[in-house]
Amino acid sequence: MEVQIKNKNNIDFAPDSVLKEINQNLRTILTTARGSVPLDRDFGIDMSVIDLPIPLYKAKLTADIYDTIPKYEPRVKVVDVTYEHDVLSGRSKPIVKVATFVH
């Protein structure tokens with residue numbers, strides 16, 4: 001399964017499959033800034049890497065993704081993290097590939 005953040009505003013409070021629930025959980029983890037959840041300040045991704053040079057940004061964010069996802073979504077294993085770059089806007093977005101332990 002590959003996770004790409006397309007529309008983070010669509011929240012399904014009753015997903016009709018386990019895979020949809022896992023995908024939504026992964027999107028939530030990847031789009032939440034660490035420190036912003038009051039009762040779990042460790043939840044989410046370290047957003048302080050955003051303004052780092054691209055190679056350092058990618059290295060630190062990739063390590064953070066490998067550490068954080070298994071902690072909050074134990075039904076998956078991170079297999080690969082690649083990046084989609086938009087040269088015009090200067091944006092770089094992670095594409096996270098995971099293997100699921102459910103069918």
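Which residue forms a salt bridge with Lys20? The partner of Lys20 is Asp16, with the closest N and O atoms 3.0 Å apart. The model is predicted.

**Helices**
- Helix α1 covers residues 18-31. Its 14 residues should span 20 Å at 1.5 Å a residue, and the end C-alpha atoms are 20 Å apart, so the two values agree.
- Ile22, Gln24, Leu26, Arg27, Ile29 and Leu30 are buried in α1.
- Helix α2 takes in residues 54-72, 19 residues in total. From first C-alpha to last, α2 reaches 26 Å, close to the 27 Å expected at 1.5 Å a residue.
- In α2, the buried residues are Tyr57, Leu61, Thr62, Asp64, Ile65, Thr68 and Ile69. These buried residues pack against α1, β2 (76-86) and β3 (91-100).

**Loop between α1 and α2**
- Leu52 lies in the loop between α1 and α2.
- Leu52 has a relative accessible area of 27% and is therefore partly exposed.
- Apart from neighbours within four places in sequence, Leu52 is in contact with Tyr57 and Lys60. Tyr57 is one of the buried residues of α2.

**Hairpin of β2 and β3**
- Strands β2 and β3 run antiparallel and are joined by 10 bridges.
- Thr82 has Ile95 in β3 as its bridge partner.
- The hairpin has 4 residues between the strands, and Gly90 takes a positive phi near 80° there.

**Salt bridges**
- Side chains of opposite charge can pair when their charged atoms come close.
- In the pair of Lys20 and Asp16, Lys20 is partly exposed at a relative accessible area of 46%, whereas Asp16 is exposed at 61%.
- Arg34 and Asp64 meet through their side chains in a salt bridge of 2.8 Å, N to O. This pair links distant parts of the chain, 30 residues apart, with Arg34 in the loop between α1 and α2 and Asp64 in helix α2.
- Arg34 counts as partly exposed because its relative accessibility is 30%; Asp64, at 12%, counts as buried.
- A network of salt bridges links Arg34, Asp42, Asp64 and Lys71.
- Glu73 forms a salt bridge with Arg75, and the closest N and O atoms are 2.7 Å apart. Glu73 is buried at 2% relative accessibility, while Arg75 is partly exposed at 24%.

Technical notes
Residues numbered from 1 in each chain as written. Predicted model: local features only at pLDDT ≥ 70, side-chain atom pairs only at ≥ 80, totals over all residues. Heavy atoms only, no water. Helix = DSSP H or I, 4+ residues; strand = E, 2+ residues; numbered from the N terminus. Expected span 1.5 Å × (residues − 1). Buried < 20%, exposed > 50% of the residue type's maximum accessible area, 1.4 Å probe, protein only. Contact = heavy atoms within 4.5 Å. Pairing = 2+ DSSP bridges. Salt bridge = Lys/Arg side-chain N within 4 Å of Asp/Glu carboxyl O.
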